[in-house]
Each structure stands twice: as C-alpha cells, then as structure tokens.
Amino acid sequence: MSQSLANRLTIGFTIAFAVLTALAVIGVARFIQQRQDFEDAIARSYQREIQARTRISQGRHPAAARATVLAQQRQRRALRDDISNQTRDTALLVGAGLIAALTGAALLFSGLISSMRRPLENLVEASERLAAGDLETRVEVGGLSETASLGRAFNEMAGELQRRAGERDQLDRMKDEFVLTASHELRSPLTSVQGFAELLIMERDRLSPEQVETVEVILDNSRHLVRLLNDLLDLARSDAGRLEIAPQPTEVETLVEDAERAMRGQLEGRGQALSTAVDPDLPRVSADRDRVRQVMVNLLTNANEYCPDGAAIEVKATRIDADVEIAVTDNGPGIPQDQLEHIFERFTRGDAGLTQRVGGTGLGLAIAKSLVELHGGTVAAESTPGGGSTFSFRLPAAAAPGDAPHAPLEAEAR
Amino acid sequence: MMARVLVADDSETILLLLRTRLEMAGHEVQTATDGQGVLDALKGAGPKPDLLLLDAMMPRISGIDALRELRAAGVDVPALIVSAHEEANGASDEGLAISGYVSKPIDFEALFDRIAELTAPGPAA
C-alpha cells in the first residue's frame, strides 16, 4: 500500500517541529547557563578585587593586593571576551540547526510535490484525451495513495464510459439493422399489394365505379407506405451516418427544372400555379442532383398538400454570399410561430387538424434538413399565419477550377 | 419484342405477380423459386431464356450466387437483380455483368422498358 500524502505531511511537519523546538530549547538553555556562569564569575572577580582594595586601604600587603586587583581586572576582560565568543557560538549553532531543519523540510516538501506532479500531469493529459473521445485511454496507477486512488477512479470512469459507448453503438447498430430488416420484410408484401391493385385498376372497364374507387384507395395507401418506408430508411441511414451523396457542380436551373418536372402533375391536379425565378449568373452549386430533387419535391409536396386548390407557389433562386439560396414560397394558410420552431423535426406537422387530409409522412422536412446539411448547406423556414410560408435552403457554390482559394470556405460550411 | 424471361423469387405471390404482368406485356415466362431452380433451368434441355430476373435474396442459393455460378460456366444471358434492399443496389458487380437493379415495389413500366432494351435484336446490352 502506497504511503498517503497526508501521512507524509504529518510526519514531515512533526519532525520539523520537534527539531526546531529542540534547537530553540537547547539554544536558550545554553545561553542562559553561559550567562549565569559569566555573571557568577564576574561577581566573584569583583568580590576579590574589593577584598584586595580593602587590604590596600588598610595597608596590609599592599603590593600583593595591587597585583590581585590588576589580575582580577584582566580576568574580567578575559571573561567578557569568553562570554561574547560563547554567545556567538551558541547563536551559530542554533542558526545552523535552524537552517538544516528548514532545508530538510523544504527537501521533503519539494519531494512530495514532485512525486505528485507526474501522476497529476498524467491525469490531466489522460482527461484531455478522454474528452477528445479516446475512450481507451487509461493512466498508470501508482505513487502516493491520493494520486493512486485518483488514477484508479479515473480508470474506472473511463472504463464505464467505454462500456456505455459500446452498448450505445450496439443499440444503434441493432436499431439500424431493425429498420433495414423491417423495411425489407415490409417491402415484399407491399410489392404484392401494390402490384395486384395495379392489375385490378388495369381492368378498370370491368369494375364498377365504387370498385375503381376502392382500388384507388388501396393504391394511394400502398404508395404512401412506400414513401414512409423510403423516408424511414433515409432517416435511419442519416442517423447511422450512412446517408451518402455524390455532389457534382450543377446548374441551379437544372435543379429547379428537375423539381418542376417531378411536381407538375401533382400541382396541376389541384389547380396550383408554380412560377420559377432563377437569378441569371448564378454560380454552379455543389449538389447531388437526385437528392436535391428529393429536397425540393419534399418542400413542394408540403406546399401542394397544405395550400388550398388554386394557390400560387413560387420557386426562387438567388445568390447569398458564397451560397445559392433556393426558396419555395406559397400563399397558403401559414404556420404559427410555436409550430414553426419544430417544423424540421421528424413527425412534426404544422396543423394537427390538417394531418387527416394531407398525405405526407411527417418526415419530409427532417429528411430535407439532413440532405441539405450533408451538402454543407442550411435550411430555414419563415411564415406568417394567414400570409403564406417560405421554406428555403442554401447550397454552397461549386469551387470552379482555378478558384481554389474558395475551397476551404466550402469545407468550413460543413 | 417478345422475350423469354426466367423469373426467380422465393415468394409465390411475387412470382404470380411478375408472371401475370410479364405475360400481359407479351413475354414468355419461366419461373424458379430459388437459385437451384435457375441453375436447373439453364442446364436443362429446354429453351434458354433471353433474360434473367433474379431476386437477390433467396434461401439456399441466392440470385447473386446463382448468377456467379452461371457466369463462371460462361452463361452470358443478361440479368436484372430484384432487391428489397436499396443497399444492395450498386453493390459491387464483381464481374457478374448485372444489367440493372429493380427495387421493390416494382415500377413495371420502367421494368418493361429495360427488358425491351436488353432483348432488342442488334447491339446487345
């Protein structure tokens, strides 16, 4: 078991405190003792001198007494020299002891600090790696017990994160697998339903009007199911990061024409007028033609379904900075602000009351958003209740050859 | 214009649908319910089909496996692969000379156009 920082600090402090206290006590005691001895000696010396001087004044052995007085005066000088030497020695001794004890303490603490530093630095680096997504990162457990338990706790946390990420990945894979399998299993019976309904409707002349209507309901609903399946597949792929696009430099005019062609029948069916306004001199955009058509068809299908018969719908393409914005505007009922905020989320529809009569899947805008973002673009929606709606998306301009400096811009937009 | 088409699918319902629509369009239809049936039909003594319409996923020998074996044996009949999985479309051709993919549900008008292209006399696809 490694020693803890707290234990080492306690022991270090205790030793330093004891040494310092002992030095102080010894120093002071020695000083007092020396001083005492000195004063006693001085007192005795004076006493002898006074006795000698008394003898001189009384005339007894004056010569010897004078010699004694002189001797005592010399001895006191010697004693004073001694005591100042001794005091200096004691001070030096105590000073040296203090310095030694403090140096020892400083060495102990710097040792402790440096033994903390490496493991802590390792922890900091490992935390940064973990935060950056390296879930396999671990630290070496060792050193003081505090850093060792920090290290162990870190490793446990990283292990737990890794385990959960693994479980989540597995769940995601299972979900993707499930959607794919479900789609596959649903498609075959759906093929039969739609195929045989088509066979029936080919015999239209031999069916009663009610039967024709019934078969058309079957066909409408099977087509709706197919759209729903396709949309679910696209979203599952998008979630799994497997929705792929193949962008090519494409004329905006072509994209608008594609969408117009795909939607003409549907719009005419409700007497809705589609006008287009593509700015001249637009740069080519980086776009997967089929996928952009899907985006525009989704936007136009919404306009078609949510607007009344005879509504006016406009597709407008303009340049905005390095992007091209394509906007679909209608003069339909509009969308309240609180619903507009969630309009690009899946299974969200503007008006629950309309849900019954419109045929959408509730996934069209979510897919449009995914597809546009895959192109490095953005989507937006504006609406005034009663004043129509505008759904728009931006696509980055395709980098023209020799236009290399703009390429990083396009990458940034992603 | 009329072509002899060998259709393989493990679902009897789909087979019935394909047979009905193809016959209505004037084609002659042979059927198989798995890859082995396809191999038997081409190895047998009967008339050879002008086109294969194979389901990608069938039990035992899949459409893709059957086609691989046929190509290895030097059979060069054009083949269309029917698949519920869009994922499978555009999967590596592996030199199987696949002439196209047909998604479920089947767009029959597009399928008939493709069959006409592939079986037209003259420049083979």
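**Figure 1. Exposure of A:Phe109 and its aromatic partner A:Phe13 in the predicted model.**
In this predicted model, A:Phe109 counts as partly exposed, with a relative accessibility of 25%. A:Phe13 is exposed, its relative accessible area being 52%. Over all chains, three aromatic pairs are counted. In one of them, the ring centres of A:Phe13 and A:Phe109 are 5.2 Å apart and the ring planes stand at 50 degrees, so the pair is classed as tilted. Because A:Phe13 belongs to helix 1 (residues 5-58) of chain A and A:Phe109 to helix 2 (residues 62-131) of chain A, the pair ties together parts that are 96 residues apart in sequence.

**Figure 2. The aromatic pair of A:Phe344 and A:Phe391.**
The centres of these two rings, A:Phe344 and A:Phe391, are separated by 6.2 Å. Their planes meet at 80 degrees; the angle is over 60 degrees, so the arrangement is edge-to-face. A:Phe344 is located in the loop between helix 7 (337-340) and helix 8 (352-355) of chain A, whereas A:Phe391 is part of strand 7 (residues 389-396) of chain A, so the pair ties together parts that are 47 residues apart in sequence. Both A:Phe344 and A:Phe391 are buried.

**Figure 3. Arginine side chains over aromatic rings in chain A and chain B.**
In chain A, the charged end of A:Arg76 is placed over the ring of A:Tyr46, at 3.8 Å from the ring centre. In chain B, B:Arg21 lies over the face of B:Phe108, and the distance to the centre of that ring is 4.5 Å.

**Figure 4. The salt bridge between A:Glu198 and B:Arg21.**
B:Arg21, which lies over the face of B:Phe108, also takes part in a salt bridge with A:Glu198. The N to O distance between the two side chains is 3.5 Å. Between chain B and chain A, the count is one salt bridge. Two residue pairs are found in polar contact across the interface of these chains.

**Figure 5. The interface of chain B and chain A.**
Chain B contributes 16 residues to the contact, and chain A contributes 17 residues. On the side of chain B that touches chain A, the largest share, seven residues, is provided by helix 1 (residues 12-24) of chain B. The size of an interface is often expressed as the accessible area that is lost when the parts come together. For chain B and chain A, the buried area is about 1600 Å². Carbon and sulfur atoms give 66% of this area.

Definitions and conventions: Residues are numbered from 1 along each chain as its sequence is written. Chains are lettered from A and ligands numbered from 1 in the order in which they are written. This is a predicted model: local features need pLDDT of at least 70, side-chain atom pairs count only at pLDDT 80 or more; totals for chains, interfaces and linings use all residues. Side-chain values use heavy atoms; hydrogens and water are left out. Rings of Phe, Tyr and Trp (its six-membered ring) pair if their centres lie within 6.5 Å; planes under 30 degrees apart count as stacked, over 60 as edge-to-face and the rest as tilted. Helices (H or I, at least four residues) and strands (E, at least two) are DSSP runs, numbered from the N terminus. Buried means under 20% relative accessible area, exposed over 50%, partly exposed in between (1.4 Å probe, protein chains only). A charge sits over a ring if NZ of Lys or CZ of Arg is within 6 Å of the ring centre and within 35 degrees of the ring normal. Contact means heavy atoms within 4.5 Å. Buried area is the accessible area (1.4 Å probe) that two parts lose on being put together, summed over both. A salt bridge is a side-chain nitrogen of Lys or Arg within 4 Å of a carboxyl oxygen of Asp or Glu. A polar contact is a pair of N or O atoms within 3.5 Å; within protein, one must be able to donate a hydrogen and the other to accept it, and residues adjacent in sequence count only if both atoms are side-chain atoms.
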